[in-house]
Amino acid sequence: MAVDIPALRGALVEIPGTLADDPPREPVWISQADPTLIFPARNPTILDSLPDNRPTRVSAAQDVRESERIAADVRSSGIEAIAWYRSFRVRSLPWGIFIRADGLVRSFEQMFDGLAAPRSIKLELALNAVLSHELAHFYVDTAIAQFELLSLRALWLPRKLGFAHAGSYDVYEEVIANASMLRAVRDLHGPLRISGRERLLREWTRRQPSGYSIGYRYTAAHRFDHALNRHGASYLAPRTRSAAARKHILLAPLIRAPMSAAAAVVPLYIVTSSSSSRFGDIGLFPALRIVAETPGFKKQLRKSPEQMQRAYAELRTRLMARSPTSGDRLKRWPPLGAETWSLRLNRGDRLHVRHLAGMDFEAVAIGSHAELGHD
Ligand SMILES: [Zn+2]
């Protein structure tokens, strides 16, 4: 599906009520996910770097509690507890698919509990599943946008805001999104095509809230198409009762488009939280680029020992090539502001960087533990 989103958005501007100043309900998750950093993840295949059978860093009770909390979130909010779609209709903030790194990392073994496969495969399956679910929301959004252009009236936002005001959600769209997810996982090829994957994922969805929990009933081709078209029609109803109009709301061909086609169109973001940096070494996070240095930093660097200068140059090069690992001790450094992070250079020395945008960071300070105020 070749959808030109900027062009679509540009056309929607002409139709009152199609674009949102205030985000509809879904983006509430952005604040819940503590997006201290939102990285654009252009290449989720780096998940391959997860070595098999690596012992998990289970720091006992706290870790178990955290996993239980996320499992409970999924039971009460469905898959949107770990990932969500943010419409291109929102005027501010980025649009796209957002995935909570900690949510995915703590859910993938529950999603495919008992599957005879290495953890790296389960994680990749989980990523595929989550993306398929969220892409279904994207497909519905773009399909409805096209009907808005044809009918010259707002359809998508009024419906979403209606649910938001009622403190509810679009139950039927979640049926479709989970059905779409199960179909995508069923149709996988290659190393991800492991016996039992669809059945286990189905069991996982059945513990989810209304709508999510019955998606599995609509995975057969004819039932899926029927559900899609009924959902499309529901955007027009109750204003349009005519059967002829309903026939024209055919979402099915749009939603069946391959995931790879949409992956090039929809920006994908991995949302990290301050507590998830310990997962850095699974390779989920893309590279962190140090693209600038403050004048103060340059002065500090010139005066610092040669060994520290070398460590800085090495770290900078390494981060360009791959994600931060737990050895880099990436953590927030609030004394210098919410956007500032600390990185380990070597045993005694640290580097402070400030987040600029996307993957880009600016070096702001370098020095020993004590010089930078670490204990
Ligand atoms: Zn959903």
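This report walks through the fold, the cores and a few local features of a predicted model.

## Overall picture

Let's start with the protein as a whole. Its secondary structure comes to 14 helices and 9 strands. Of the 375 residues in the protein, 42% are buried. Counting contacts between residues at least 6 apart in sequence, 71% join residues at least 24 apart.

## How confident is the prediction?

The mean pLDDT of the protein is 75, with 71% of its residues reaching 70 or more. Among the elements, helix 8 (residues 197-206) has the highest mean pLDDT, 96, while helix 2 (residues 28-32) has the lowest, 31.

Two stretches deserve a note as you look at the model. Over residues 244-261 the pLDDT stays under 50, and the model has 34 contacts beyond four places in sequence for this stretch.

## The nonpolar cores

The largest nonpolar core has 58 residues, and those with the most contacts inside it are I82, L104, A126 and V130. Helix 5 gives this core its largest share, 16 residues. As a general background, nonpolar side chains tend to be buried together in soluble globular proteins.

Leaving aside neighbours within four places in sequence, L104 is in contact with I82, I99, A126, L127 and V130. L104 is also one of the buried residues of helix 4. That helix, residues 101-111, is mostly covered, with 9 of its 11 residues buried. Besides L104, the buried residues of helix 4 are A101, D102, G103, V105, R106, S107, F108 and M111.

Helix 6 spans residues 156-165, and its buried residues are W156, L157 and K160. These three lie on the same side of helix 6, because they cover an arc of only 85° around the axis. On the face turned away from that buried side sit the exposed residues P158, G162 and H165. What covers the buried residues of helix 6 includes helix 5 (119-151) and helix 9 (221-236).

## Either side of helix 6

L152 lies in the loop between helix 5 and helix 6. Although L152 is not a glycine, it has a positive phi of about 55°. For context, most residues other than glycine have a negative phi. Is L152 buried or exposed? L152 is exposed, with 10 other C-beta atoms within 10 Å.

Just after helix 6, G167 takes a positive phi too, of about 65°.

Strand 6 (residues 331-332) pairs with strand 7 in the antiparallel sense, over 2 bridges. Within this pairing, K331 stands opposite S342 in strand 7. Strand 7 itself covers residues 340-344 and is mostly covered, with 4 of its 5 residues buried.

Methods. Residues are numbered from 1 along each chain as its sequence is written. This is a predicted model: local features need pLDDT of at least 70, side-chain atom pairs count only at pLDDT 80 or more; totals for chains, interfaces and linings use all residues. A residue is buried if 20 or more other C-beta atoms lie within 10 Å of its own, exposed if 12 or fewer, and partly exposed in between; C-beta atoms are placed from the backbone. The arc is that of the directions from the helix axis to the C-beta atoms. Two residues are in contact if their C-beta atoms, placed from the backbone, lie within 7 Å. A nonpolar core is a set of buried Ala, Val, Leu, Ile, Met, Phe, Trp, Tyr and Cys residues joined through C-beta atoms within 7 Å. Two strands pair if DSSP finds at least two bridges between them. pLDDT is the predictor's confidence in each residue, from 0 to 100.
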